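Please report on the model shown here.

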Amino acid sequence: MKQFFEEGKQTPATSVIGGMPAASAGGITLVCGDIFDASPDALGRFDVVYDRAALVALEPSVRARYVETWRAVLTDGGVTFLSAFTYDQDKAGGRPLSVRGTSVHELYA
């Protein structure tokens with residue numbers, strides 16, 4: 001979180017939201033914690049989710065749970081910005097994991 005705000009030349013106010021550390025500045029609030037602990041009761045609702053390499057770090061068996069957790073905290077009309085990629089997983093094992101476009105459409109439909 002610190003680096004994010006430093007790059008934007010902002011000094012965030014720190015707090016705790018839903019038992020997780022948070023930092024806010026310039027209309028942006030970042031919350032650091034386990035996504036599977038997220039809920040509207042704990043965190044409130046969000047207009048935007050930015051997934052920078054989280055989905056690709058997860059095994060396919062937990063991806064639907066991950067997407068549903070985010071969906072629960074998004075406002076109506078909220079959006080997800082997703083950074084993912086597809087490649088031949090057999091040629092480069094390990095993480096980040098490949099995510100097919102069809103999987104993205106199925107998960108976020």
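The report below takes these topics in turn.

## Model and confidence

This is a predicted model, in which local features need pLDDT of at least 70 and side-chain atom pairs count only at pLDDT 80 or more, while totals for chains, interfaces and linings use all residues. Residues are numbered from 1 along each chain as its sequence is written, and side-chain values use heavy atoms, with hydrogens and water left out.

The mean pLDDT (the predictor's confidence in each residue, from 0 to 100) is 91 for the protein. A score of at least 70 is reached by 100% of the residues. Helices (H or I, at least four residues) and strands (E, at least two) are DSSP runs, numbered from the N terminus.

## The three-stranded sheet

Three strands form an open sheet in the order β1-β2-β3, with antiparallel pairing. Pairing requires at least two DSSP bridges between two strands. β1 and β3 are the edge strands; each has a single partner, so one side of each lacks a neighbour in the sheet. From one strand to the next, the twist averages 30 degrees. Axes here are lines fitted to C-alpha atoms, for helices over the stretch in contact, and angles run from 0 to 180 degrees between N-to-C directions.

β1 (residues 13–17) and β2 (residues 20–25) are joined by five bridges. Thr 14 stands opposite Ala 23. Ile 17 has Met 20 as its bridge partner. Two residues separate the strands of this hairpin, and Gly 18 takes a positive phi near 60 degrees.

## Gln 10

Gln 10 sits in the loop between α1 (2–7) and β1. Its relative accessibility is 30%, so Gln 10 counts as partly exposed (buried is under 20% relative accessible area, exposed over 50%, partly exposed in between; 1.4 Å probe, protein chains only). Ser 24 is 14 residues from Gln 10 in sequence, with 9.3 Å between their C-alpha atoms.

## The largest pocket

The largest pocket has a volume of about 1100 Å³. On a 1 Å grid over the protein atoms alone, a pocket is an open set of points with protein on both sides within 12 Å along at least five of seven lines; lining residues have an atom within 4 Å of a point. Volume is the space filled by probe spheres set on the points, which are joined across faces, edges and corners.

The lining has 26 residues, with Thr 29, Leu 30, Val 31, Tyr 50 and Trp 70 nearest the centre. β3 (28–31), β4 (46–52) and α3 (60–73) each give two or more residues. β4 provides the largest share, seven residues. By class, 19 lining residues are nonpolar, three polar and four charged. Ala, Val, Leu, Ile, Met, Phe, Trp, Tyr, Cys and Pro count as nonpolar, Asp, Glu, Lys and Arg as charged, and the others, Gly among them, as polar.

Note on methods
1 Å grid on protein atoms, 1.4 Å probe; cavity = no way out; pocket = protein on both sides within 12 Å on 5 of 7 lines; lining within 4 Å.
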